Amino acid sequence: MITTRFPSPGAHRLSCRRWLGLLVLALVALGGCDAEAPNASPEDGMLVRTAPVTRTESAQTYRLAGVTQAARRADLSFQVSGRLAERNADVGDTVERGDLLARLDTPQLDPASNAARASVQRLETQLANARKSTARTARLVEQDAATRQQLDDARTRRDSLAAQLARARAEASRAARSAEQQRLTAPIDGSVTDVFFQPGEFIPAGQPVLALSGAGALEARFGVPEQLVPGLAPGQRVRLSLPLGRGAARTGRLVRLARATGGPGQLFQAVIHIDDTSNIGPGESVVWHVRARPRDDLLVPIAALARIGRSEAAVVYVIDGDTAHRVPVATGALVDGRVRVTGDLAAGDAVAVAGLSHLSDGQTIRRLGPDDD
């Protein structure tokens, strides 16, 4: 019986960087070991061919995933506590500004509002009569049919009623506002995106009851890595795309960018206003293409890379005068046939590209000239 063994899933999880490193080291093993360099006597030094370390500017483009949302949103709550008597909207319903969405049952508020209105009406009537009485008494005083004291008493009563009416109107206004706070109306045109209470439940003051998403403009919210923040500023134009490829690429404007996070390692929150929202709705995925600031990269030929023993770490040999110095490097991506590296190197350094398998740290060398074969 023949048993076929398949590689485990973990065998396929090597990162692209690890594959690149393995590729580079394989090329080194083939090229570095087989590269021909003429033998030389110890007195003359090992013959090597060199190439310069070069520098190039590169900029990486990041793809940040975000979610669209309405530019205008509202979480609606009552300013007074009470039991939810009715809710006239559910998730997905379209509403217009001013529509009654929910109402509280607060029996103590309606009687207070009614009593305050009745008090205002009573005082208004009394004040009107007091003003007429004061005017009549003033005419009688002119005719010597009433005393000055009677006129003063009439004016005092009139002024007292006016003050009482002002206080009653203020109280009625407060009672009316309290009664109005039993009603929850839509502040914007839009749709209901969430509901948090059902009729009959008790709702504390200030607790959200419904969430609205406004019609019209859309924006998208993203998490931004710290290294990209210095290159961003509110107001700058951005490039967007839809992951499923619906429609052409979109543009937008960065409207908000947080300058702090909730803790180490967390992302900076950014909000982008989307210019063209055709065929896009709230809650959809969108991609922001962010080009990082250009950086300087050091490049060496693939043939300059070597390794020591079975180590996966790469080294290069920097040629200083007639001496070879071993320098460990970390390898990156291939760029036009050369390898991006980081290490104790500088642009213009000469690195050995032939005969690496015969070199050692501190060895005396002699460079191959154009006529040396």
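Author: What follows is a short walk through a predicted model.

Reader: Salt bridges to start. How many are there?
Author: The count comes to eight salt bridges.

Reader: Which residue does Arg 73 pair with?
Author: Glu 219. Their side chains form a salt bridge with an N to O distance of 3.0 Å. Arg 73 sits in strand β4 (residues 73-77) and Glu 219 in strand β12, so the bridge ties together parts 146 residues apart in sequence.

Reader: Is Glu 219 buried or exposed?
Author: Buried, because its relative accessibility is 5% and the cut-off for buried is under 20%. Arg 73 is partly exposed, at 43%.

Reader: What salt bridge does Arg 256 form?
Author: One with Glu 219, where the closest N and O atoms are 3.5 Å apart. That pair links strand β14, which holds Arg 256, to strand β12, which holds Glu 219, across 37 residues. Arg 256 is partly exposed, with a relative accessible area of 41%.

Reader: And what does Asp 275 meet?
Author: Arg 237, in a salt bridge of 2.2 Å, N to O. Asp 275 is in the loop between β15 and β16, Arg 237 is in strand β13, and they are 38 residues apart. Asp 275 is partly exposed at 37% relative accessibility.

Reader: Which residues do shared partners join into one network?
Author: Arg 73, Glu 219 and Arg 256.

Reader: Switching to cores. How many residues has the largest nonpolar one?
Author: It has 22 residues, and Phe 222, Val 224, Leu 240, Leu 254 and Trp 288 have the most contacts inside it. β12 (218-224), β13 (237-241), β14 (250-257), β15 and β16 each give two or more residues to this core.

Reader: What does Trp 288 touch?
Author: Its contacts beyond four places in sequence include Tyr 62, Phe 222, Val 224, Leu 240, Leu 254 and Ile 272.

Reader: What lies apart from that core?
Author: Another core, of 20 residues, among them Val 95, Ala 186, Ile 203 and Leu 212.

Reader: Now Ile 280. Where is it found?
Author: In the loop between β15 (268-274) and β16 (285-291). Ile 280 counts as buried, at 12% relative accessibility. Leaving out residues up to four places away, Ile 280 touches Thr 68, Leu 218, Leu 242 and Arg 250.

Terms used. Residues are numbered from 1 along each chain as its sequence is written. This is a predicted model: local features need pLDDT of at least 70, side-chain atom pairs count only at pLDDT 80 or more; totals for chains, interfaces and linings use all residues. Side-chain values use heavy atoms; hydrogens and water are left out. Helices (H or I, at least four residues) and strands (E, at least two) are DSSP runs, numbered from the N terminus. Buried means under 20% relative accessible area, exposed over 50%, partly exposed in between (1.4 Å probe, protein chains only). Contact means heavy atoms within 4.5 Å. A nonpolar core is a set of buried Ala, Val, Leu, Ile, Met, Phe, Trp, Tyr and Cys residues joined through side-chain atoms within 4.5 Å. A salt bridge is a side-chain nitrogen of Lys or Arg within 4 Å of a carboxyl oxygen of Asp or Glu.
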